[in-house]
Amino acid sequence: MSESPEPDLDPAQVCEEARKLAENGEADRAAALFGTVLALGDTPCRARAALGLAVVLDDAGDVAGAREADRAAIATGDPEYGPRAAYHLALTHERAGEQAQAAPAWRVVVDFGNPAYLPPAHLALARIADDAGDFDEARGHWEAVLGTGDAEYGPPAAHDLAERLLERGEPARAQRVLTAGLRLVDRAAAPYAYARLAVALGIACLDQAIGAFDAALGQDPSDPEVGPLATELLARTLPLRGRGGEASEVWRRGLADPGTAAQVRARLRRDFGGDEDDADPADLWWEPVVEQAVADGTLPALAGDAFGALDHMYALLAVRDAGGADAGERPRGDADEALGRAVRVPGGYAWGPLLQESFAERLRLAMDAPDRTDT
């Protein structure tokens, strides 16, 4: 790599000069000087020179040469530059998408045992194992990162491990992991990292609550006092975790239980508008539709249907009204057609037949008014 070194050469001084040259952009001269130190053989600066050469060559695009220099540094067993070289070697493989080759390099970092490089090495190994579907190995590395108490790598390790624990139905363990991760975060210095863990902790609490509410409903028959409350809490919490279909089933079971049905229905309807003392809900055709929509979690869709129908009907009638005001009265047939089209609009919705049946019944009652007298 270089000419025969001078016998009185100071390796440390040469390495320092090479470092300065590299920082000033003189990569070729820096590489030559690092090579000069390596040519001296087994000196105290051999690992430093090899790592310096690896970095310079990597920056110059000579990845193969950089990896060879990294391995030379690792082979010295130097407690400082050895793990740094292994770290650099692992990064060159990760950058190339070579996870299988990166893993042994990260393990070398761990084997050196230098505390400064253990957190990133364990986190990288955890993610490699996680990608391979090996949860047990990944968990061991995530826990090792947390054990270092590192404020930079600990929080992401806590988040990743907690995410997997939640997927495995272990919210209590996820909570403990996230709590440990939050203790490592300076909220003022890293607000986003803190917020990420705090939200994950909230999700873990939700999952634990879902498990508790579900356990409370495991009695057969249900506790008449606790059952309705647990039904409502479970049904209203499940959608927060994207489990709306399960929430609908929870409401259905509660409404089907003779011992709890009345109280469950009252809780289901707690947000309904109107004063039930003024009218019997059974006389309002839309009450079962709204109740079912609440139980199914489809109330926004139902509201959209209703407003869409109202908008359509209004448009049909408003066109007739605007035409009469601006262009003189149209023939009666046009008005009848507009009204007919407006009346037919609800028929295209799932609840349309109920509206039509309700109108038909009211019309029948009006036509058969009880105050009529025979002549």
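This is a predicted model: local features need pLDDT of at least 70, side-chain atom pairs count only at pLDDT 80 or more; totals for chains, interfaces and linings use all residues.

Visitor: What makes Glu167 exposed, and what is Arg164 called?

Guide: Exposed means over 50% relative accessible area, buried means under 20%, and partly exposed lies in between. Glu167 has 58% relative accessibility and therefore counts as exposed. Arg164 has 22%, so Arg164 counts as partly exposed.

Visitor: How do you know that Asp136 forms a salt bridge with Arg139?

Guide: Their closest N and O atoms are 3.3 Å apart, and the limit is 4 Å. Asp136 and Arg139 both lie in helix α8 (residues 135-148), 3 residues apart, which is about one turn of the helix. Arg139 is partly exposed, at 24% relative accessibility.

Visitor: Which parts of the chain does the salt bridge of Arg265 and Glu291 tie together?

Guide: The closest N and O atoms of Arg265 and Glu291 are 3.1 Å apart. Arg265 is in helix α14 (residues 261-268) and Glu291 is in helix α15 (residues 287-296), so this pair ties together parts 26 residues apart in sequence. Arg265 is partly exposed, with a relative accessible area of 34%, whereas Glu291 counts as buried at 13%.

Visitor: How many salt bridges are counted by this rule?

Guide: The count is 24 salt bridges. Glu16, Arg19, Glu23 and Arg48 are linked in a network of salt bridges.

Visitor: Why is the pair of Tyr87 and Trp106 called edge-to-face?

Guide: Rings pair if their centres lie within 6.5 Å, and planes over 60 degrees apart count as edge-to-face. The ring centres of Tyr87 and Trp106 are 5.3 Å apart and their planes stand at 90°, so the pair is edge-to-face. It links distant parts of the chain: Tyr87 is in helix α5 (residues 81-95) and Trp106 in helix α6 (residues 99-112), 19 residues apart. Tyr87 is partly exposed at 23% relative accessibility, whereas Trp106 is buried at 2%.

Visitor: What kind of aromatic pair do Trp285 and Trp286 form?

Guide: Trp285 and Trp286 are also edge-to-face, at 5.7 Å centre to centre and 90° between the planes. Trp286 is partly exposed, with a relative accessible area of 40%.

Visitor: Which residues do ring pairs link into a cluster?

Guide: The cluster consists of Tyr87, Trp106 and Tyr117.

Visitor: How do you know that the charged end of Arg168 sits over the ring of Phe135?

Guide: The charged end of Arg168 is 4.1 Å from the centre of that ring, and the distance limit is 6 Å.

Visitor: What makes Leu363 partly exposed?

Guide: Leu363 has 41% relative accessibility and therefore counts as partly exposed. Leu363 lies in helix α18 (residues 352-367). With Phe359 and Met367, Leu363 forms a nonpolar surface patch of about 300 Å² of accessible area together.

How values were computed. Residues are numbered from 1 along each chain as its sequence is written. Side-chain values use heavy atoms; hydrogens and water are left out. Patches are made of residues with over 30% relative accessible area and no salt bridge: like charges are joined within 9 Å, nonpolar side chains (Val, Leu, Ile, Met, Phe, Trp, Tyr) within 5 Å. Accessible areas come from the Shrake-Rupley method with a 1.4 Å probe; for residues, only the protein chains shown count as cover. A salt bridge is a side-chain nitrogen of Lys or Arg within 4 Å of a carboxyl oxygen of Asp or Glu. Helices (H or I, at least four residues) and strands (E, at least two) are DSSP runs, numbered from the N terminus. Buried means under 20% relative accessible area, exposed over 50%, partly exposed in between (1.4 Å probe, protein chains only). Rings of Phe, Tyr and Trp (its six-membered ring) pair if their centres lie within 6.5 Å; planes under 30 degrees apart count as stacked, over 60 as edge-to-face and the rest as tilted. A charge sits over a ring if NZ of Lys or CZ of Arg is within 6 Å of the ring centre and within 35 degrees of the ring normal.
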